[in-house]
Amino acid sequence: MSDFLGTNDDTPDGENSVAIVHPAVMAPLLVWALRTVLDLSPDILAAAREHRRLLAAIPDRAPLGGAEATVAHLRGLLAAGKKLPSSGATGATAVRARYRGALPPMANTFLAGTLGVITSQVARARRILSDELTPANFGPAPLLDVPLTARIGDAPWRQPIGFDDVDTLMLHLSTAALICCAYLSGMRPEEVLALRRGCCTRVERDDGTVRFEVRGRHFKGVLDEDGNAIGEGEERAEPWIVLEPVARAIAVVEELEAGEQLFTRTLYRYAKGTCMPRTGPSSDTAVERIRAFTAWANQLAAGHDRSHELIPPDPDGAVALRRFRRTIAWFIYRQPGGRIALAVQYGHAATAMSESYAGRSKADMLEVPDQEKGLALAETLTEAGERITAGEKVSGPAADRYRTAAAEFSARYAGTYLGRRELRALVANPRLQVYEDPKAFLTCNHDAFTALCNPDRDRAGNGGRSTPDHSRCHPACANISRTDSQITALRAEVARIEADADAGLDPYPIAAREQQRKDHLTAIIRRHEAPQPTDTEVEERR
């Protein structure tokens, strides 16, 4: 297909040259990002609050007698038969195996926050007790007193959160929010990374619907008087219209971050007063964060026996933010009927993006879905021509239109490169609107004026649907055609229904409906296999 359609757009670095994230990668990646933001975030945020409380309890100056109080506390733990909290160890056995004769590091920061002393006083207390201690006196890293409520399936999503785990969990939560915002909004990487606190607003409209508006900066085409690009961009005149999960993700990050910028280079802990500047992550940093998030999500998937939610490596390399815009456009036009996780979400995303960009002078994000629509049409028509050339039979009320569309496409575009102009012409040609619907075992040769899936077909020329509604396909529609390949798939579906009937496991109402469906599908197969009238016979009937 790349030889026929080309591998680039009109510009060397156009949207069309960016590889989509493979569907087998994007679906579980989005599932885990949304799960982290919507389900796991309350536990992670509660741990982050407790973590911050302990850090805030560390005084700015060393209190009098702090080291002595720490020594007394540690001796009290040992006298009670308890272990001293270590740093970075996973258990008492791991401590003994790793450190042997040497003493492991102590959880100085945790103890300092717990006792209200500074970390150097904890370190001094350890030195005072060094002759009395052995590795056997040390236990695992300290756990936070935070009850966990989130579950994955029927099981708690993890064991209690340790003090040393919080930084990493906060980073993964921030990355999950970044994925949700970048993917489900259609923003460019630099636009989503520039979002600031308070950027998202919930708007209730007069018709009762709710929209979430995000305001921020944009950078493409922002020039000064001399035509030079303005690096800091400018405030975007129109807001992005986003989905509720994006608004939830922004709210989560606003609680994670203390500053104005939502996505900073790091969320790691530093001693008070010496925090690194909160600057936005670079593209390479975002790639590494997504890679780390993927590894963490795969650990959770494996630990919960959810092999179907493992995120495989992407065949086109690292998952970068700039690949998300192209990917969501691809899903909107290539995945009818819910063949991937959260497919309904893409329909809402398509509507939200259309609202968001409808009032702008430049098409911007809408150009990307339009290009994908054109490419999808081109691929469908190419396959249609190949089927007809291979001798496949075509039946149905729109069979002639199917053959005519394939022939016209081949005559006009065969051997040519499809750039933006050609794709726009293809999308605008009413005779070439051919859409596959694998779940219905048919091809829709869409005509908005006759489409039974379109309740506004009488107003098709004034804002009606220009594409079929795959959720409302009507078997009596005049736009339907079927090929031998689709009939083969339909026979397999009939065989599946017969196998289920022979097994006798379905309740009677379901079995009865399946039998009715089998009869309907069998009638379609019979009509397809019936001899077709010749051109002479058709002419005689006229």
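**Talking through a predicted chain**

Modeller: Welcome! This is a predicted model, and its chain exposes about 27200 Å², with carbon and sulfur atoms supplying 51% of that area.

Colleague: Thanks! How many helices and strands does the chain have?

Modeller: The secondary structure comes to 18 helices and 11 strands. Of the 542 residues in the chain, 46% are buried.

Colleague: Let's take Ser-395. Why is Ser-395 called buried?

Modeller: Buried means under 20% relative accessible area. Ser-395 has a relative accessible area of 8%, so Ser-395 is buried. You will find Ser-395 in strand β8, residues 394-395.

Colleague: And what makes the pair Ser-395 and His-528 a polar contact?

Modeller: The cut-off for such a pair of N or O atoms is 3.5 Å. The side chains of Ser-395 and His-528 are joined at 2.6 Å, so the distance is within that limit. Leaving aside residues up to four places away in sequence, Ser-395 also touches Ile-480, Ser-481, Arg-482 and Gln-532, as well as His-528.

Colleague: Now helix α14, residues 399-413. How do you know that its span agrees with its 15 residues?

Modeller: At 1.5 Å a residue, those 15 residues should span 21 Å, and the end C-alpha atoms of α14 are 21 Å apart, so the two agree.

Colleague: Which residues of α14 are buried?

Modeller: They are Ala-399, Tyr-402, Ala-405, Ala-406, Glu-408, Phe-409 and Tyr-413.

Colleague: Last one: what share of the chain's contacts between residues at least 6 apart in sequence join residues at least 24 apart?

Modeller: That share is 71%.

Conventions. Residues numbered from 1 in each chain as written. Predicted model: local features only at pLDDT ≥ 70, side-chain atom pairs only at ≥ 80, totals over all residues. Heavy atoms only, no water. Helix = DSSP H or I, 4+ residues; strand = E, 2+ residues; numbered from the N terminus. Expected span 1.5 Å × (residues − 1). Buried < 20%, exposed > 50% of the residue type's maximum accessible area, 1.4 Å probe, protein only. Contact = heavy atoms within 4.5 Å. Areas by Shrake-Rupley, 256 points an atom, 1.4 Å probe, with all protein chains shown as cover. Polar contact = N/O pair within 3.5 Å; in protein donor to acceptor, adjacent residues only side chain to side chain.
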